[in-house]
Amino acid sequence: MNGNQACAEGSLAAGCRFLGFYPIQPCFEIVQHFADRCVDVDGTFIQMEDEISALAAVLGASWAGKKAMTVTSGPGFSLMMEHVGLGVMLETPCVIIESQRFGPSEGYPTQAGSGDVMQSRWGSHGDYEIITLSPNCPQEMFDLTVRAFNLSERYRLPVVVLADKAVGSMVEAVIIPKAEDLRLKKRKRYSGPKGKYLPYEYDKDLVPWMVKAGQGYRFHVTGLTHDEKGYPVMNAKCQEWNVHRIINKVRLFSDDIIDYEEGYTEDAEVLVVCYGSVSRAAVRAVRQVRKEGIRAGFFRLKTLWPFPEQRILELARQVRTIIVPEMNYGQAFLEVDRCSRGKAETIFVHQDFPKVRSGVDIINAIRKADVKA
Amino acid sequence: MKALEAVEKQEEIPPTEHPMDDVLRMDRIPHIWCPGCGIGLAVTAFVNALEKMQVDLDKVCVVSGIGCTGRVAGYIKTDSFHTTHGRALPFATGLKLGNPDLKIVVFSGDGDIVSIGGNHFIHAARRNIDILVICVNNFIYAMTGGQVAPTTPRSAYTTTSPFGNFETPSNIPQLAESAGAVYVARWTSLHMRRLTQSIIEGFQKPGFSMVEVISPCAMYYSRINKLGLGIDMMKFYHDNSVIKHGEPTENLDIGFQSQIIVGKFVDRERPTFSELYKGWKKEVKTVKRES
Amino acid sequence: MKADPKNVFTGSHYIDGDVACAYGAVAAGCKYLAGYPITPSTEAAEAFAVKAPYVGAQFIQMEDELGSIASVLGASWAGKKAMTITSGPGFSLMMETIGLGAATETPFVIINIQRAGPSTGVPTSTGQADMMQAKWGSHGDYEIIALAPESPQESFELTFKAFNLAERYRVPVMVMSDECVGHMAEKVVIPNAQELEVEPRRYFTGSKKDYKPFKRDKDLVPWMARAGAGYKLYLTGLTHGEDGRPIFDVKTFEMKSKSLRGSTNRYLVDKIRHNRDKIIKFEEHQTDDAEVVVVSYGISARVAIKAVKEARESGIKVGTLRLVTVWPFPEKRIEELAHQVKGFVVPEINYGQVVYEVDRCSQGRANVILVPHGGAAVHDSDDILGAIKQAATDHNPYDRILEYTTALEREVFGENMVSKI
């Protein structure tokens with residue numbers, strides 16, 4: 001099974017029953033597979049007139065009570081930016097699968113890239129926090145898609161899965177667990193009396209209770225800054241009340257969200273921080289230089305946002321050099337550079353797609369760092 | 001009657017006694033609209049229509065975009081969504097497909113529906129999604145302070161057409177008809193009884209229905225163009241609107257202070273998106289079973 | 001080249017920041033504005049619409065922000081200096097086409113009068129939460145230039161400067177104003193046309209055969225041609241080579257991955273990084289002996305003045321660094337200062353954006369305190385003062401950016417507010 005199919009299977013396994021999309025390279029296979037399978041599970045899919053409306057429809061379907069997602073790539077993701085903001089403001093659970101491609105604008109539609117890392121965090125206007133996951137193999141396309149739905153239902157926000165073309169078209173064995181083995185998070189539903197429902201009343205976990213449209217709660221939600229009732233209130237106090245919570249519901253629980261994989265870090269002197277399809281080459285490179293006796297380790301991000309600030313700092317104190325290979329001109333590198341707080345030297349390695357597979361640049365960078373020491 | 005008796009006895013009417021209490025969010029009144037604005041009348045017509053139809057309000061959703069009319073969703077006591085500018089229709093599409101039992105009304109302005117949301121309007125009508133659109137047309141962007149709209153008649157002044165508008169405005173009913181709407185009507189906010197009736201018909205009609213409401217903007221459109229107060233605009237509608245049911249929609253252009261043709265223009269049958277989707281699903285299932 | 005006197009409304013005006021932006025654009029020779037009404041930026045479009053017929057400029061109100069920015073790109077290639085004006089939600093809609101502008105290296109200016117977000121937020125109140133979006137909002141890798149004015153006078157000057165930078169580096173330039181500056185009316189002095197230096201478009205003058213739209217000089221900026229001048233331009237948002245054509249393999253009709261190295265993509269980033277010292281501008285006060293430096297921009301910088309003054313009076317050695325260009329970021333200077341000072345205080349009307357860059361550049365050498373604000377109002381200068389005092393007295397190095405708890409937060413959430421990071 002390839003990564004795209006695994007992703008579609010993951011979404012269906014997680015209970016996704018609505019897909020709104022607009023055709024774009026290179027993620028169309030996800031839609032095909034979903035469309036093929038959704039008849040069996042009574043799901044709905046619709047091809048909208050553009051990506052703007054695709055995400056808008058997904059938000060609508062989510063409020064109608066469906067687990068919903070959209071699938072897109074770079075240019076489409078840029079068009080969705082306004083509705084990422086709306087999703088955050090209305091606190092609407094939904095999943096955005098983004099298959100990154102190379103370059104700004106239309107770029108190189110059939111080539112993998114990872115230039116949308118920062119965009120997924122900062123792309124919409126205003127202040128918000130978001131969760132971004134980064135799979136590196138078809139199995140993870142399945143697992144992280146399921147996790148994305150769980151996180152979005154738990155924290156009530158749009159969750160982005162930043163895949164890329166390479167991971168999407170890679171064919172590997174994917175183990176799909178039995179339905180009873182999948183742990184699925186349920187939406188935090190309100191079931192109290194109808195007159196008492198406040199759409200933005202929250203408790204300790206900072207997440208408000210949600211209801212479906214048509215249940216008779218007759219609620220109002222708005223993209224404007226709102227109070228507990230969901231009614232617009234235009235002042236600084238209410239704005240603070242809103243934004244503070246929207247941000248801290250992620251920041252305060254970031255330890256529960258953050259997920260990463262480490263290898264050979266116990267005695268590492270050179271650390272490679274990587275994610276997505278580049279991480280496959282990076283992990284291979286680390287294994288190879290280990291054979292040469294170089295004490296290298298790797299740290300693979302499964303969640304890009306929130307960023308594992310604390311762990312990077314701990315590792316920076318331990319190692320001498322941190323190498324960050326990326327298929328862009330320095331994005332996650334900036335965060336690594338910041339979090340290492342000058343405790344270790346940070347080196348950025350730009351990866352052109354054709355050379356990614358060999359991992360030559362990474363091996364050279366590790367060797368160079370080792371020699372320097 | 002209780003209300004009348006209360007007035008006679010010079011008692012304060014307790015707010016719970018208001019006849020629209022079940023349909024409006026009374027805790028949000030007073031509303032934000034200026035004196036002389038016609039949006040309130042459109043809301044009244046809508047609310048009256050809901051009461052007349054005796055529909056289950058729990059199953060009605062109102063979705064609106066941004067702008068003066070975009071605030072309507074916040075005053076109607078159903079599940080209501082105030083979304084982004086121009087995207088009320090795609091949001092409503094998702095809502096409808098997510099739960100086909102819902103009855104969805106998109107209540108928004110001319111800028112929201114025809115300008116920034118124009119593409120979505122065309123495609124929602126083409127798909128014939130079961131939505132009623134109430135489009136309040138006041139010829140101007142009022143929320144942002146009176147800029148030229150896609151419906152602003154030629155030669156009318158606005159803050160961004162300070163020397164008079166030279167562009168050709170949109171003809172909303174024609175756009176709706178050619179895109180595939182099954183029910184198209186236009187009234188002014190003076191035609192309360194007829195407007196209410198049209199809203200009822202459009203609401204009950206399966207498929208994409210559109211009711212345009214010509215409405216005065218006393219604060220910007222009338223003031224910049226020196227057309228008087230809201231009441232003067234109402235008088236103008238009284239003297240200059242002509243009811244022509246079934247009029248071909250290409251004749252429905254509106255000039256600056258020209259005659260306004262109102263009425264019900266389109267009422268036809270087309271299969272809705274939901275029907276087609278259901279049929280398609282059935283077909284696929286049988287094909288799959290056979291193979 | 002001197003500015004055209006016809007375009008410059010020389011004299012002393014009492015206007016707000018929005019109108020000053022419009023006048024700055026006209027003075028720089030902007031002949032095309034496409035906009036869509038959005039609070040709080042509409043006044044700029046209105047002012048431009050009124051002046052347009054007198055200076056031979058064109059104003060068009062498009063059907064939405066997507067249309068606005070696309071038409072600005074078109075007008076720019078037709079040979080006009082062009083810009084659009086918007087605010088948060090409109091800015092989000094423009095993201096895709098900003099990428100196209102960056103990829104085709106089209107000079108144009110975007111004015112973003114920031115408001116409180118996210119989503120519709122508080123349209124009539126201020127915010128500074130689009131700063132990161134300006135740099136990272138579109139997909140893929142590119143660099144832009146972003147300026148942040150602190151007053152109507154500077155709104156005029158920086159809009160003028162934005163056009164010059166756009167022409168000089170063939171890049172989208174953003175003027176990141178905010179609602180406070182935009183709606184604040186102050187004295188704005190517009191100088192004589194002779195005093196204003198306008199950067200003309202760098203047109204290619206060689207033979208028509210030799211022209212390649214993305215062939216670069218030493219400074220990495222390519223030469224431009226105008227549509228209709230006979231150069232038979234070909235522009236695409238696809239990854240392209242020097243001649244502007246997508247990198248295709250002729251045999252397989254697929255894009256060649258091997259020749260990707262010949263693409264112009266890395267120059268989109270490098271042309272700004274290479275020239276950053278020429279672009280970056282900031283203002284420093286009293287940093288010579290400073291132990292604490294307040295790094296700020298836009299309206300927050302003006303609020304900080306009071307806090308800094310009070311802190312100096314109470315004996316704390318505090319200085320200020322005001323970012324005029326926020327992107328590219330003055331990395332070097334912050335790094336230098338980090339060696340010298342105990343701490344940086346960064347007040348922003350958001351929950352941390354530019355502060356991440358300050359923290360990164362200080363490389364753990366100085367503590368960084370963020371004074372956050374959700375938006376819809378400006379900071380209370382007492383909060384900034386409190387943060388300065390904390391930075392001056394705290395000797396322990398922090399492991400992360402410290403978020404100062406403001407009086408507003410205490411008021412909203414009570415003293416026992418949910419613990420912060």
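In chain A, 76% of the contacts with a separation of 6 or more are between residues 24 or more positions apart. Here, two residues are in contact if their C-beta atoms, placed from the backbone, lie within 7 Å. Before we go on, keep in mind that this is a predicted model, in which local features need pLDDT of at least 70 and side-chain atom pairs count only at pLDDT 80 or more, while totals for chains, interfaces and linings use all residues. Residues are numbered from 1 along each chain as its sequence is written, and chains are lettered from A and ligands numbered from 1 in the order in which they are written.

Let us stay with chain A for a moment. You can find 14 helices and 14 strands in chain A; helices (H or I, at least four residues) and strands (E, at least two) are DSSP runs, numbered from the N terminus. Chain A is as compact as a globular protein of its length, because its radius of gyration of 21 Å is close to the 21 Å that the globule rule gives for 373 residues. That radius is taken over C-alpha atoms, and the rule is 2.2 Å times the number of residues to the power 0.38. Along the principal axes, the C-alpha atoms of chain A fill a box of roughly 70 × 45 × 40 Å. Of the 373 residues in chain A, 64% are buried. A residue is buried if 20 or more other C-beta atoms lie within 10 Å of its own, exposed if 12 or fewer, and partly exposed in between, with C-beta atoms placed from the backbone.

Now look at some details of the backbone. The peptide bond from Gln25(A) to Pro26(A) is cis, with omega near -5 degrees, and Pro26(A) sits in the loop between strand S1 (16-21) and helix H2 (28-38) of chain A. Chain B also has a cis peptide bond, from Ile29(B) to Pro30(B), with omega near 10 degrees. To find Pro30(B), go to the loop between helix H1 (2-8) and helix H2 (39-53) of chain B.

Another detail to look for is a positive phi in a residue other than glycine. Tyr264(A) has one, near 55 degrees, in the loop between strand S9 (260-263) and strand S10 (270-274) of chain A. Tyr264(A) counts as partly exposed because it has 19 C-beta neighbours inside 10 Å. For Asn128(B), phi is near 60 degrees, and this residue is in the loop between helix H5 (118-127) and strand S4 (131-137) of chain B. Asn128(B) has 22 other C-beta atoms within 10 Å, so it is buried.

Next, see how the chains meet. Chain C gives 64 residues and chain A gives 61 residues to their contact. On the chain C side, H5(C) gives the most, with 6 residues. That side has 27 nonpolar, 24 polar and 13 charged residues. In these classes, Ala, Val, Leu, Ile, Met, Phe, Trp, Tyr, Cys and Pro count as nonpolar, Asp, Glu, Lys and Arg as charged, and the others, Gly among them, as polar.

Chain B touches chain C too, with 17 residues of chain B in contact with 16 residues of chain C. Helix H4 (110-116) and strand S6 (147-148) of chain B are the elements that give two or more residues to the chain B side. The residues of that side are 7 nonpolar, 10 polar and no charged.
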